[in-house]
Amino acid sequence: MFRRIRNRFLRYFAIFIYFVIIFFCCIELNFLWLSGYSPDMQDIKNPVMSVGSEVYTADGKLIGQYYKENRSPVELKNISPNLINALVATEDVRFYKHNGVDFYSFFTSMLSTAKGERRGGSTITQQLAKNLFETRKRKSQGFIKHIPVIRTIVYKCKEWLTAFKIEHVYNKEQILTLYLNTVPFGNNSFGIKTASLKYFNKTPDKVTPAEAALLIGMLKATSSYNPIKNPDRALERRNTVLGQMQKYGYLTKAGYDTSFKSPIKLNLSYVEEDSHGDSYLRRAVEKWLDKWCKENGYNLYEDGLKIYTTIDSRLQRYAEEAVAEKMKMLQKRFNNLWGNKNPWRDSKGVEIKDFILKNEQRLPIFSLLEKKYKGDTVQIQQYFKQKKRMTVFTWNGEKDTTFSTIDSIKYYAKILNTGMMTLEPSTGKIKVWIGGIDHRFFNYDHVNQARRQAGSTFKPFAYLTALDNGFTPCDKFTDKPVTIKYKDNGKDEVWQPNNADFNFSYREMSLRWAMGKSVNSITAQLTEKVGWDKIVQYAHKCGIESPLKSVPSVSLGSNDVSVFEMVRAYSTFLNKGQKLDPILVTRIEDQDGSVLKEFTLKQEQVISPETAWLMLYMFRGGMEEPGGTSQALWEYPGLWKKDNQIGGKTGTSSDYVDGWYMGITKDLVTGIWVGADDRSVHFTTSETGEGSHTALPIFGRFMEKVYADPKSGYTYGSFPKPWVKITKEYNCPSPRIVTDTATVDSTSNPIDTTHVLPTPATPTTTPENPEGTPPGQ
C-alpha cells in the first residue's frame, strides 16, 4: 500500500502516521488489555466526582460528613475571576486557543526539559482528564504498566484522547468549573470551595488576587507550597503566580505591587462540620444505613448524599451539657474515693495484680513486640515503660503530657464513661444519641455497641410478665428472705438474693410499691411465680435482642444489654403496647435534592394497651411510693412544675459496676448508663455508685434543660390517661412509713420500729420521703 508513494520521505511519514493512528486506536480500544481502561463519551458526559455525604439533624443543622476526598462543588458564577485568571496565567496561558492539547507548549516544554529546565506542558484540560477520570490510577492501567518508558507514553496519549473528548463535550467555562471542583489543595481539601474555606474562611467568590495566587500556586506541589507547613515557600510561589498574572494582563502594575507586598494572611478559624459535636452519632448513622447502601449500591463516602436524621439539635446539646456537668462531678467523686490506690479489684475487693499485663496483651502492638523481642518479657516491658509525648483526655480539656504505655493504661482505666439515648415513642424517632464522653479518645459506642448488666432496670419485665398473666398492681407480697432452687445446665443450683440494704422488712407490699422501692426479695418471689423463662420471652417481645440466660436472677438484671435495647423496650409501654423499630434517619436525598428513600415507623402490638398503661402507672411508683428509688429527682425543682409526672427505674449491677437510669415522661423515654469500661473498676458504696447517684442526676439535669426551653417542643404534663378500660385493680395507695427514732436496736424486727399511717389516695407531689431515699438499685 505504501509503495505507491514514490517519495521516500512522504512514504515514511505516511507509515509513521498510520502506525500512530493504529497506536491510538489500540489505546482507545484497550487492545488485548494492554493499555487499560479509557473513559468513553458516556463517561465524559456524566463524570462522577467523589463527593462526601452530609448528615443533618431533624432541624437542618449539619453535624457531620463522610468523605474520602473533602469536596464541596461550586458553580462558576460563585468563583472569583481572580481564581480563573490566576489559573490560566499560571497553568495554561493558551487555554482559550487550543482544543484540549497544546502541542506548541508540549514541544517547547520538551526542549526546556532537554536544556535542564523542567516545565510542564499539560493543559488544564489534560490535568482535568487526569484528576476527574484517574487516567493514571490502577483501574486505567493495563499490562504495559510494567514497562517504564512505554507506560509513560501511553499515559500521556490517553490523557490527550480524553482531553479531546472533554473539549468536544464541554465549553471552556465548564472545563474551568470542573477543574476547580476536582483539583486537590492539600490538607484533605478537594475543590476550590473547600480550600478557600479552610485557608481563608471565605467562599471562592470573595478571594482577593493575593489569596487566589496563593491557592493556585499550591497546585504545583500541595505539600511544598502549603502555607501552613511552608509559609516562606508558599509566599515565594504566590508571588510567582502574581507575576504571571501581571505578565499576561490579568493584573495591573498597581494591583501587582499591592498584592506582592501583602503578607500571607490565613484565617484558620473555619471549623469543618464533620468534626462538630458527636462523632458517635456519625458512626451510628453509618451503621444504621449500611444495609440500605449495600442493597441500593450507594457509597456514603463518594455519592454526595444528604442524610436527614431524627436527632433534635436542642435536645442533643442539652444532653451533652448535662453529661459534661454530671460526669465531671462523678469523675471527681471517683478520684476522691480511690485517691492514689488502684481501683481495679476482684469481687472480694482485692487488687488485681496482673491488670496492667492483661491490658498490655490486648494492645495490637503486643504480638509484634513478642515477635521482635522473641518473647523476651523484660525487653517488652522496657518498651511499655518508655516515656513519650501524648495528648490525653481530661475534663478540663485536652492535656499534653509525657506518659509511658503503662501510665496511659492506668490513667484511662480510671476514667468513667457513659451512654445516653432519648426516644420519642409516638414517632419512633431517636432524639438524643451520646455514645460516650469524647469520641476522639473513646471510640467505643456505649449506646449500641457496649452491653452491660442492667441491674434493677430489668425488673419491670418481671412485673410486666405478672401483670399480663393475671396479677394486678395491688397484689401483695411480703418482703422476706427467698430461696429458689433451679437447674442450670443440669446442675442443681440455689439462689438466695439479698435486698440492696441487706435487710428484710417483713412488710406486706403491693407490687407497685415493691417495684417502686426496687425490693429484690419480692421481685424474686414474683419471678418464681411467673417463671423466668416467661420473663425472658416478654423481654425479647418488647425489643431486647441480646441473648438472655434464663435463670431466676434474670429479673434482677444479671444479663448484659445495651442502652439502645433498653430504651426501645421501655418505649413499648408509652407506645400503647406496640414494640417499635427506632428511627435514626428519616430520609436520604441525592446531590440534586431528589428523595432516594424515606424511612417510616414500623411497629408491632406485643402487649395489650391495658397492660402497657398499667406499667406506666407502675413506673410512677418510683416517685410516688414510699422509698421509691427515683425520688432523688426531687432535687431538681425544674422538673416539678404544673403537676408534671415522671416515671422511671434505677439500676445497679453487683459491686456498683454499672449504674443505670431509665426515665419516662409523657413524651420521651431516656436511658443512661454510667461506669468504667473495665468492669473491675468501680465505686465501692451505694452512696457513691448506685444508679440513683450516677445515672439519674444526668437525666434530672437534662430534663430540667429541656423543660426550661419553650422552643424544645416538650412541656410539663401528666402521663396519658388510660387508652382502654382498665379491668384490673390498681388504685391501692401504700401506707406512709414513719421510722421510730426512739428505737435503739436498728437490727431488731423492723415491723416493731415503724408506725403505719394512712396515705391519701392521690400521691402527693411534694418532695416528701420521711424514710429517706433508700439505696436505689
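Analyst: Happy to! A search of the whole structure turns up one disulfide, counted as a pair of cysteine sulfur atoms within 2.5 Å. This is a predicted model, so local features need pLDDT of at least 70 and side-chain atom pairs count only at pLDDT 80 or more, while totals for chains, interfaces and linings use all residues. Residues are numbered from 1 along each chain as its sequence is written, and side-chain values use heavy atoms, with hydrogens and water left out.

User: Which cysteines form the disulfide, and how far apart are their sulfur atoms?

Analyst: In general, a disulfide is a covalent bond between the sulfur atoms of two cysteines. Here the partners are cysteine 474 and cysteine 732, with sulfur atoms 2.0 Å apart. Their link is left-handed, at -100° about the S-S bond.

User: What parts does the pair tie together?

Analyst: Cysteine 474 sits in the loop between helix 18 (460-467) and strand 11 (476-478), and cysteine 732 in the loop between helix 26 (696-708) and strand 23 (736-739), so the pair joins parts 258 residues apart in sequence. Helices (H or I, at least four residues) and strands (E, at least two) are DSSP runs, numbered from the N terminus.

User: Is cysteine 474 buried or exposed?

Analyst: Buried means under 20% relative accessible area, exposed over 50%, and partly exposed in between (1.4 Å probe, protein chains only). Cysteine 474 and cysteine 732 are both buried. Cysteine 293 is buried too, at 8% relative accessible area, and cysteine 542 is buried at 0%.
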